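This is a walk through one protein chain, from its overall layout to single residues. Please keep the sequence and the model side by side while reading.

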Amino acid sequence: MLATIRGRDYDEMIELWKTDPNIRLSSADSRDSIRAFLRRNRGMSLKIVESRRIVATVLCGWDGRRGYLHHLFVRADSRRRGHGAALVDEACRRLAAKGIAKVHIFVLPGNETGQAFWRASGFFRRPETDVLLYSKDLE
Ligand SMILES: CC(C)(COP(=O)(O)OP(=O)(O)OC[C@H]1O[C@@H](n2cnc3c(N)ncnc32)[C@H](O)[C@@H]1OP(=O)(O)O)[C@@H](O)C(=O)NCCC(=O)NCCS
């Protein structure tokens with residue numbers, strides 16, 4: 001069953017995310033931060049539940065201009081069954097319904113599975129001559 005992620009899913013999700021080095025966790029993944037993200041982007045982040053346990057997640061946010069997907073994760077024993085694609089398709093559908101015309105994702109460089117997945121899902125890699133990501137800590 002595909003459903004919207006709720007704040008009460010936090011403990012189960014964080015334990016799942018911790019199992020995979022391709023999900024980089026940071027201070028933005030504290031309970032309060034995730035709750036704030038879910039509130040700000042209400043109804044956009046999605047999970048798949050089977051036998052009352054979460055088997056897949058994607059966080060989906062938008063800033064009024066562009067959409068962003070984070071923490072796409074499928075349990076190792078549930079992969080290659082279309083769960084990842086189902087979550088990304090539905091998140092993109094919800095972004096498009098808000099008038100969002102482009103969605104961005106972030107992938108760790110060694111994550112070949114992730115990159116194969118995103119390519120298969122219609123995402124294209126931005127060449128270094130196109131755009132570079134710069135960041136700044138604010139606290
Ligand atoms: C990436 C991930 C979410 C994919 O989830 P999934 O449910 O297995 O993906 P799907 O079954 O929807 O796959 C859709 C397509 O993606 C591609 N794909 C998925 N996994 C792949 C793999 N291991 N190797 C090559 N292609 C792959 C295939 O084209 C696949 O279609 P097919 O099965 O018909 O060939 C999952 O492997 C995962 O959780 N990985 C660890 C966390 C992670 O890396 N997340 C992404 C962070 S950027």
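Two strands are said to pair if DSSP finds at least two bridges between them. Helices (H or I, at least four residues) and strands (E, at least two) are themselves DSSP runs, numbered from the N terminus. The model is predicted, so local features need pLDDT of at least 70 and side-chain atom pairs count only at pLDDT 80 or more, whereas totals for chains, interfaces and linings use all residues. Residues are numbered from 1 along each chain as its sequence is written.

The chain has four helices and five strands, in the order β-α-α-β-β-β-α-β-α along the sequence. Its radius of gyration, taken over C-alpha atoms, is 15 Å, close to the 14 Å given for 139 residues by the globule rule (2.2 Å times the number of residues to the power 0.38), so the chain is as compact as a globular protein of that length. The C-alpha atoms fill a box of roughly 45 × 35 × 30 Å along the principal axes.

Start with the strand pairing. β2 and β3 run antiparallel and are joined by five bridges; Lys-47 has Thr-57 in β3 as its bridge partner. The two strands form a hairpin with two residues between them, and Ser-51 in the turn has a positive phi of about 50°. β3 also runs antiparallel to β4, with six bridges, and Ala-56 is partnered by Val-74 in β4. In this second hairpin four residues lie between the strands, and Gly-64 has a positive phi near 100°.

Next comes the interior. A residue is buried if 20 or more other C-beta atoms lie within 10 Å of its own, exposed if 12 or fewer, and partly exposed in between, with C-beta atoms placed from the backbone. By this count, 20% of the 139 residues are buried. A nonpolar core is a set of buried Ala, Val, Leu, Ile, Met, Phe, Trp, Tyr and Cys residues joined through C-beta atoms within 7 Å. The largest has 19 residues, of which Val-58, Cys-60, Leu-69, Leu-87 and Ala-91 touch the most other members. Two or more residues each come from α2 (31-40), β2 (46-50), β3 (53-62), β4 (67-74) and α3 (83-97).

What does Leu-72 contact, apart from its neighbours within four places in sequence? With contact meaning C-beta atoms, placed from the backbone, within 7 Å, its partners are Val-58, Gly-84, Leu-87 and Val-88. Leu-72 lies in β4 and counts as buried because 24 other C-beta atoms lie within 10 Å. Its C-alpha atom is 7.1 Å from that of Gly-84, twelve residues apart along the chain.

His-71, in β4, has a phi near 50°; it is buried because it has 21 C-beta neighbours inside 10 Å. Arg-80, in the loop between β4 and α3, has a phi near 60° and is exposed, with 8 other C-beta atoms within 10 Å.

A residue is near it if the residue's C-beta atom, placed from the backbone, lies within 6 Å. Of the 21 residues around the ligand, Asn-22, Arg-79, Gly-84, Ala-85 and Ala-120 come nearest. β4, α3 and α4 (112-120) each give two or more residues to this shell, and the largest share, five residues, comes from α4.

Methods
Two residues are in contact if their C-beta atoms, placed from the backbone, lie within 7 Å.
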